[in-house]
Amino acid sequence: MGEGSKAHRRSAEEKLPSSSHGVAKSASSAVVPVAERGRRSRPRESAGQAAPGNADFPIDEVMRRLRAKAAHWNAPVVTLMAEQNQGPFRVLIGCLLSLRTKDETTAGAVKRLFALGKTPQELLEVPTRKVEQAIYPVGFYRTKAKRIQEICRILVDRHGGRVPNCLEALLELPGVGRKTANLVLVKGFDLPGICVDTHVHRITNRWGYVRTHTPQQTEFVLRSFLPRRHWKTINDLLVAFGQTICKPVSPICSRCPVAEFCARRGVYRHR
Ligand code: SF4
């Protein structure tokens, strides 16, 4: 799922023009206590190490409170979510377009693009120049237009014109990283997956629920730790929460419904 913040542009999982690689799956034995609020020192563990999740963190209660408040947040991601609930191909293309692009811009681009063709076969027949025009002004629109057509070609040639429903096959598509692949599984196929973007990574670390250095480490720790009932919903909730309250710079802790549980790790300035 996309975001428009500078933080997102810096830490988008799938880089343009090539994908990111390299994840340290190892975990140290240190567990971060919830009662770490007020500490402002940086994590001491060496780069690359990920600590296990914090078993004392009341994740059920936190998710319940966020769900109860979510309807009142006017988050840009909501527009995009409406676009994403329309089949795996649309989710896949929407996610690719959203990299380094605001959610509102992405939603419009997806609409215009799918007006030209709704299937990989149909989009392959559209001239690349027209695809570029349809998705403009998303970031890197020329590269993305080319990539979309590469993906359409692979889907037609190797997958019968359909989006595959397994993580490994999705990760073989050009420009598709773990965030996009998980989002396609969850939103496109209603299968279990944990989509970790910069918001999920940042917020779960601030809480002290995980202690990790990269979104991919966070995904692996959450896979071993987060109750399955929250897998499909954590991304939508935390993206909306991150766009409105727990912002990348200076989160609005005074309006936070889960402040009492948050360790505020790495938060140096807040409102
Ligand atoms: S808004 Fe503040 S208190 Fe709430 S989760 Fe974010 S850092 Fe923690």
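Arg100 is placed in the loop between α4 (88–98) and α5 (103–116), where helices are DSSP runs of H or I with at least four residues, strands are runs of E with at least two, and both are numbered from the N terminus. The model is predicted, so local features need pLDDT of at least 70 and side-chain atom pairs count only at pLDDT 80 or more, while totals for chains, interfaces and linings use all residues. Residues are numbered from 1 along each chain as its sequence is written.

Arg100 has a positive phi of about 60°, although it is not a glycine. Most residues other than glycine have a negative phi, and most peptide bonds are trans. Arg100 counts as buried because it has 20 C-beta neighbours inside 10 Å. A residue is buried if 20 or more other C-beta atoms lie within 10 Å of its own, exposed if 12 or fewer, and partly exposed in between, with C-beta atoms placed from the backbone.

Asp190 also deserves a look. Asp190 has a positive phi of about 60° and is not a glycine. Its place is the loop between α10 (178–189) and α11 (198–207). Asp190 has 11 C-beta neighbours inside 10 Å and therefore counts as exposed. A further backbone feature is the cis peptide bond that joins Tyr136 and Pro137, with omega at about 15°. Pro137 lies in the loop between α7 (128–135) and α8 (141–159).

The overall architecture comes next. The protein has 13 helices and zero strands. Of its 271 residues, 46% are buried. Among the contacts in the protein with a separation of 6 or more, 67% are between residues 24 or more positions apart; two residues are in contact if their C-beta atoms, placed from the backbone, lie within 7 Å.

With α5, it packs at an angle of about 135°, the axes being 9 Å apart. Here axes are lines fitted to C-alpha atoms, for helices over the stretch in contact, and angles run from 0 to 180 degrees between N-to-C directions. The two helices α4 and α5 are therefore oblique to each other. Angles under 35 degrees count as roughly parallel, over 145 as roughly antiparallel, 65 to 115 as roughly perpendicular and the rest as oblique. The crossing of α4 and α5 is right-handed; a crossing has this hand if the near helix is turned clockwise from the far one by less than a right angle, and is left-handed if anticlockwise. On the α4 side the contact is made by Arg90, Ile93, Gly94, Leu97 and Ser98, and on the α5 side by Asp103, Thr106, Ala109, Val110, Leu113 and Phe114. These contact residues of α4 and α5 divide into six nonpolar, three polar and two charged. In this classification Ala, Val, Leu, Ile, Met, Phe, Trp, Tyr, Cys and Pro are nonpolar, Asp, Glu, Lys and Arg are charged, and the others, Gly among them, are polar.

With α8, helix α4 packs at an angle of about 155°, and the axes are 10 Å apart. That angle makes α4 roughly antiparallel to α8. Ile93, Leu96 and Leu97 of α4 make this contact with Lys144, Arg147 and Ile148 of α8. By class, the residues of the contact of α4 with α8 are four nonpolar, no polar and two charged.

Arg90, in helix α4, counts as buried because it has 21 C-beta neighbours inside 10 Å. Arg90 and Gly188 are 98 residues apart in sequence, yet their C-alpha atoms are 8.1 Å apart in space.

Helix α12 (residues 215–225) is largely enclosed by the rest of the structure, because eight of its 11 residues are buried. Among these buried residues are Phe220, Val221 and Leu222. The buried residues of α12 pack against α10 and α11.

The ligand is surrounded by 14 residues, of which the closest are Cys246, Pro251, Cys253, Cys256 and Cys262; a residue is near a molecule or strand if its C-beta atom, placed from the backbone, lies within 6 Å of it. This shell has 11 nonpolar, one polar and two charged residues. Cys253 is placed in the segment after α13 (234–244). With 16 C-beta neighbours inside 10 Å, Cys253 counts as partly exposed. Leaving aside neighbours within four places in sequence, Cys253 is in contact with Ala259, His270 and Arg271. Cys253 and Arg271 are 18 residues apart along the chain, and their C-alpha atoms are separated by 5.8 Å.
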